[in-house]
Amino acid sequence: MKSLITLGRFLFAIAITAFGIQHLIFAITRSGLGPPWTPVDHLLAYLVGAILIVAGFGMATGIQVSCAGIMLAVLFLVRPLLCYVPKLAANVRDPGPWTSAFELLAMGGACLVLAALFATRGPRSGRAAGRVGGLLQFGQILFAVSLAVFGIQHLMYGPFVATLIPGWIPGRLFWAYFVGVAFIATCLAIVSGKVAPLAATLLGTMFLLWVVMLHAPRVAAALHNANEWTSLLVALAMSGSAFIVAGSLAERN
């Protein structure tokens, strides 16, 4: 299943590099980027943008992938704590911070998985191998928990989600609920280990289809809308994340 990991790594790297470019554009022009990437200070945007581009380049080329994965995981795990947890504490019923926070956590989980996969290459002591295995499982669980949150949101806000589906697709409300169930089912598959590689592969394919069918046309219709670009890149990163997790689950099996 190395092909799945390689595909996921490249898709993820493209999205991460593009996120970095978005940050640099924000730093230079002071224009907003849209959720979940809206740095408060433009100097921070320079720093985060540079980290994302360097990490994306490392993942794409296979240079220091473990280091890049750990660096991104820290970034993706810290930002929800600093930005979205206070917002949720102020209004736990607001779906926006839930979505943005767990998108970052899902990507952070995939980064931990990728870091663990590349850290296992070469001889290691039993204790070190145990730490790497724990890192791998933690990343997989973090990704799975994020899917559960997405699924619950789809079921709670089905009518709104349906408005985001193109009008030419029939039964939009059905698909909104179907995707919610698919998220939860994939979460359960990963946690239980039952048909987990297949479930994660199908999830990655679904996200990739969204990039082509849903987000690309919206970006083409509004090329200067940063929110649309961000949504496309999040879907692309989630597709890569799902393929990375699928490959890791297949190797574990």
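How many salt bridges does the count come to by the rule used here? The count comes to one salt bridge, taking a salt bridge as a side-chain nitrogen of Lys or Arg within 4 Å of a carboxyl oxygen of Asp or Glu. Before the close-ups, a word on what you're looking at: this is a predicted model, where local features need pLDDT of at least 70 and side-chain atom pairs count only at pLDDT 80 or more, while totals for chains, interfaces and linings use all residues. Residues are numbered from 1 along each chain as its sequence is written, and side-chain values use heavy atoms, with hydrogens and water left out.

**View 1. The salt bridge between Glu 228 and Arg 218.**
Here the side chains of Glu 228 and Arg 218 come together, N to O, at 3.1 Å. Side chains of opposite charge can pair when their charged atoms come close. Glu 228 sits in helix α9 (residues 226-252) and Arg 218 in helix α8 (residues 196-221), so the pair ties together parts that are 10 residues apart in sequence. Helices here are DSSP runs (H or I, at least four residues), as are strands (E, at least two), numbered from the N terminus. Is Glu 228 buried or exposed? Glu 228 is buried, at 13% relative accessibility, while Arg 218 is partly exposed, at 36%.

Rolling a probe the size of a water molecule over the atoms shows where empty space is left. The largest pocket has a volume of about 1,400 Å³. For the record, a pocket is an open set of points on a 1 Å grid over the protein atoms alone, where a 1.4 Å probe fits, with protein on both sides within 12 Å along at least five of seven lines; lining residues have an atom within 4 Å of a point. The volume is the space filled by probe spheres set on the points, which are joined across faces, edges and corners. The lining takes in 42 residues, and those nearest the centre are His 154, Val 161, Leu 164, Trp 210 and His 215. Two or more lining residues come from each of α3 (65-90), α4 (95-119), α5, α6 (158-163), α7, α8 and α9. Which element gives the most to this lining? That's α8, with 10 residues. By class, the lining has 27 nonpolar, 10 polar and five charged residues, where Ala, Val, Leu, Ile, Met, Phe, Trp, Tyr, Cys and Pro count as nonpolar, Asp, Glu, Lys and Arg as charged, and the others, Gly among them, as polar.

**View 2. His 23 in helix α1.**
His 23 is part of helix α1 (residues 2-29). With 2% relative accessibility, His 23 counts as buried. Its side chain reaches the backbone oxygen of Phe 19 at 2.9 Å.

**View 3. Two loop residues with positive phi.**
Gln 64 lies in the loop between α2 (42-61) and α3, and its phi is near 50°, a positive value in a residue other than glycine. Gln 64 is exposed, at 54% relative accessibility. Val 195, in the loop between α7 and α8, isn't a glycine either, yet has a positive phi of about 45°. Val 195 is exposed too, with a relative accessible area of 61%. From Val 195 to Leu 249 is 9.4 Å, C-alpha to C-alpha, though they are 54 residues apart in sequence.

**View 4. Leu 82 on helix α3.**
Leu 82 belongs to helix α3 and is exposed, at 67% relative accessibility.

**View 5. Confidence along the model.**
The protein averages a pLDDT of 91, with 91% of the residues scoring at least 70; pLDDT is the predictor's confidence in each residue, from 0 to 100. Confidence is lowest in helix α5 (residues 126-156), at a mean of 90, and highest in helix α7 (residues 172-192), at 97.

Definitions and conventions. Buried < 20%, exposed > 50% of the residue type's maximum accessible area, 1.4 Å probe, protein only. Polar contact = N/O pair within 3.5 Å; in protein donor to acceptor, adjacent residues only side chain to side chain.
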